[in-house]
Amino acid sequence: MKDKVLNFIELNGKVKKRKLENIFKTKPDDILNELESEGLIFVNGDDIYDFKETGYVKGTINMNSKGFAFLINDIYDDIYINKKDTGDAIAGDIVYGSFI
């Protein structure tokens, strides 16, 4: 089932969790959580899942008292994030970032 869900997300792009529930006739929470923790998919705040594309980096937010932050990750040097781009992130959050 895990491979079917991953393949569906990869082929269809952004998919709402409710649509996955309807298609696979089950609540895919455990599968989605597992795929996300493996770094194969990511989710935004609206329960929309997408295949992890090149350019996204998973890491931990390290906030500075002045409001800017760094994305600490295993692939690149620490990535600077401007104060206006930190959104609602707080120190220690695990996030996906992309280069713009």
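Here are legends for a few close-up views of this structure, which is a predicted model.

**View 1. Helix 3 and its buried side.**
Let's start with helix 3, which runs over residues 29–37. Which of its residues are buried? They are I31, L32 and L35. These residues sit on the same side of helix 3, because they cover an arc of only 95 degrees around the axis. Now look at the face turned away from the buried side, where you'll find the exposed residues D30 and S37.

**View 2. What covers helix 3, and what comes just after.**
Just after helix 3, keep an eye out for G39, which takes a positive phi of about 80 degrees.

**View 3. E21 in helix 2.**
This one zooms in on E21, a residue of helix 2. Is E21 buried or exposed? It counts as buried, because its relative accessible area is 16% and the cut-off for buried is under 20%. So who are its partners? Once you set aside the neighbours within four places in sequence, E21 is in contact with T26, K27 and P28.

**View 4. Two rings that join helix 1 and helix 2.**
The structure has 4 aromatic pairs, and here's one of them. F8 lies in helix 1 and F24 in helix 2, so their pairing ties together parts that are 16 residues apart in sequence. Both F8 and F24 are buried.

**View 5. A tilted pair, F68 and Y80.**
How are the rings of F68 and Y80 arranged? This pair is tilted: the centres are 5.6 Å apart and the planes make an angle of 40 degrees. F68 lies in the loop between strand 4 (56–63) and strand 5 (69–72), while Y80 lies in strand 6 (residues 79–81), so the pair links parts that are 12 residues apart in sequence. Y80 counts as partly exposed, because its relative accessibility is 48%.

Definitions and conventions:
Residues are numbered from 1 along each chain as its sequence is written. This is a predicted model: local features need pLDDT of at least 70, side-chain atom pairs count only at pLDDT 80 or more; totals for chains, interfaces and linings use all residues. Side-chain values use heavy atoms; hydrogens and water are left out. Buried means under 20% relative accessible area, exposed over 50%, partly exposed in between (1.4 Å probe, protein chains only). Helices (H or I, at least four residues) and strands (E, at least two) are DSSP runs, numbered from the N terminus. The arc is that of the directions from the helix axis to the C-beta atoms. Contact means heavy atoms within 4.5 Å. Rings of Phe, Tyr and Trp (its six-membered ring) pair if their centres lie within 6.5 Å; planes under 30 degrees apart count as stacked, over 60 as edge-to-face and the rest as tilted.
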